[in-house]
Amino acid sequence: MQFHHHGYVSQDPRIVAAAGTGIDRPADLPDEMDVLIVGSGPAGMLLAAQMSQVPSITTRIIERRDGRLELGQADGIQPRSVETFQAFGFAERITAEAYNIAYMNFWGPDPESPENIIRTTRTEDYGLKISEFPHLIVNQARVLDYFAEAAAHGPGRIVPDYGVEFLGLTTNPESEYPVEVRVRFTAGERAGEERTIRAKYVVGCDGARSGVREAIGRQHVGAFSAHAWGVMDIMVNTDFPDWRTKCAINAKAGNILHIPREGGYLSRVYVDLGEVAADDNHRVRQTPIEKVIDKANEILHPYTLDVKEIAWSSVYEVGHRVTDGFDDVSGASERTPCVFLTGDACHTHSAKAGQGMNVSMQDGFNLGWKLGAVLTGRSPESLLATYSAERQPVAQQLIDFDREWSSLMARKPEEISDPQELSNYYLATAEFPSGFMTQYTASAITGGSEHQALAAGFPIGRRFKSAEVVRVCDGNVVHLGHHAKADGRWRVYAFADAGGARLREWAAAVSPMIDRVTPSDADVDAVIDAKVIFQEAFEELDILSSPELFLPKSGPLGLTDWEKVYSAAPNAWSDTDIFAERELSRDGVVVVVRPDQYVAAVLPLDATGELDAFLQGVFLPA
């Protein structure tokens, strides 16, 4: 990581100096604010961490609970989420404490003794096969802790306002602060007190029973399926040999999805409770935990569970619902949205595909940088309409995937003709649950595919898939994408032609474009961070002959940033050539990447006019 460019730092460099609204941040909720986040779940806390990077914006986050979440229900962390954690600076630390899924084993009835189960397939997990990031299991509460730390350590110094309940809102689009919100204090000396606050934008991150969703008249569309599952986080003694391996178990008595948890002793067990009668009226949710444990032992026969402690348990019916819109703009209205929904407030589904927390965080990541860009005057308000347009189709794709996965998981043995079908589906669809299949369609912030062939390995609208390169200044092998932090900046990666002649012409033409959108009192890379990747070996390159665009001077001391010039050629520490790895044109190509790590455009080096037109659609002049 880079620091010292604002002067010598001797303490933890992850804690940056407070700035703007982070200086002397008031303890009480102000009467007016730019952004009000309702709910401190995964989407809300990621959004708070993102907004803390924009200290000129007043952001507050309210939470009905009187303190941090102690036991979260979600626990599956897909590789795309770990990639996101890396952008926020805590991927390595959370990976160290998490359970890393290396295998998923599948069990079915023993043909010779069908009342018993046997292992039918041992499958390597997909995580590290399709990404440099692992597939993890860690308590949602710890994920929230890490985002809370990032928010509190950012220059905006954002911390949740606990013990504050959302009551309702009204909107007046003509007002400077168009959203009037009623809240009530639920804890402390002020418990029961109500007050009204006003905000430019409100984001509902308040779960499946979202009050914000109700207040703007949005509806969950979908229904519960007629199937129930018990779920429990337990510590046990058992003779089941795969207790520390993720397993899908299909038996005559029912099904189990078993997921080891972090810490070496805790496990989560989803237990199939069978079909639910049409007139049940949700009574199945009252199933005693003892009955769930008995059912688990019946399914696991001949193995047994001796449950020593239950950390958490619940019973639920599988539901698949998507809200009919992710903001408060309906129909053909051309006004800018000012209320948004994220996470479970706008999509709910089963927990067995491990998607809820992961997709929710990507909702927050998608919206956060857009709010920052609009409120700082860098981008037009129309940018905010792209949030619902981009995330609602993703939610529907998630529902469709989860419905199929849940149906496969709930089948009876006699309904399965191929014992390998579930494991084959698990591997064949791996990129979707990993979070790597999201692909945004053409819009003002996502270009067309006219030049896609120049960078086939960076599909437009998909997340920027990193690869190793050599940092020219010191010869270290690094992942190109890992240098991009969740700081709201756009990235422009210029992959140079052999010799770099066309690259130099490109840099001369593009520098004024970047200057045009960069505030005069900011670093030259404060809005658009440009990097170059040469084809030549780093030993053959003279870094000081690189265009000035890639050797900017940063901070009040005007120190040269040496870490924007890279070599694609393999060296003693890596045999990767990113040009070959990502199918990049040797004539050179430019890849533009959004702040949420999605590829926005692919252009040839001589298409500076097209790049200029694209940037004019994204940015307002500084």
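**Note on the predicted model: sheet, domains and helix packing**

1. Three strands make up an open sheet, ordered β3-β7-β4 and paired in the antiparallel sense, where strands are DSSP runs of E with at least two residues and helices are runs of H or I with at least four, both numbered from the N terminus. Two strands are taken to pair if DSSP finds at least two bridges between them. The edge strands, each pairing on one side only, are β3 (76-77) and β4 (99-100).

2. This is a predicted model, in which local features need pLDDT of at least 70 and side-chain atom pairs count only at pLDDT 80 or more, while totals for chains, interfaces and linings use all residues. Residues are numbered from 1 along each chain as its sequence is written, and side-chain values use heavy atoms, with hydrogens and water left out.

3. Within the sheet, β4 pairs with strand β7 (residues 136-137) over two bridges, in the antiparallel sense. For Y99, the bridge partner in β7 is I137.

4. The domain assignment divides the chain into domain 1 (20-70 + 140-221 + 321-402), domain 2 (99-137 + 224-319) and domain 3 (452-618), with bounds that come from an automatic or database domain assignment. Between the C-alpha centres of domain 1 and domain 2 the distance is 33 Å.

5. Helix α9 (residues 385-409) packs with helix α10 (residues 421-428) at an angle of about 160 degrees, the axes being 10 Å apart; such axes are lines fitted to C-alpha atoms, for helices over the stretch in contact, and angles run from 0 to 180 degrees between N-to-C directions. The two helices α9 and α10 are therefore roughly antiparallel to each other, a term used for angles over 145 degrees, whereas those under 35 count as roughly parallel, 65 to 115 as roughly perpendicular and the rest as oblique.

6. From α9, the residues F401, E404, W405, L408 and M409 meet E421, L422, Y425 and Y426 of α10, contact meaning heavy atoms within 4.5 Å. The residues of this contact of α9 with α10 comprise seven nonpolar, no polar and two charged; Ala, Val, Leu, Ile, Met, Phe, Trp, Tyr, Cys and Pro count as nonpolar, Asp, Glu, Lys and Arg as charged, and the others, Gly among them, as polar.

7. Helix α12 (residues 501-517) and helix α14 (residues 608-618) have axes that come within 10 Å and cross at roughly 10 degrees, and α12 and α14 are therefore roughly parallel to each other. Here W506, A509, V510, M513 and R516 in α12 meet T608, L611, D612, L615 and Q616 in α14. The contact of α12 with α14 has six nonpolar, two polar and two charged residues.
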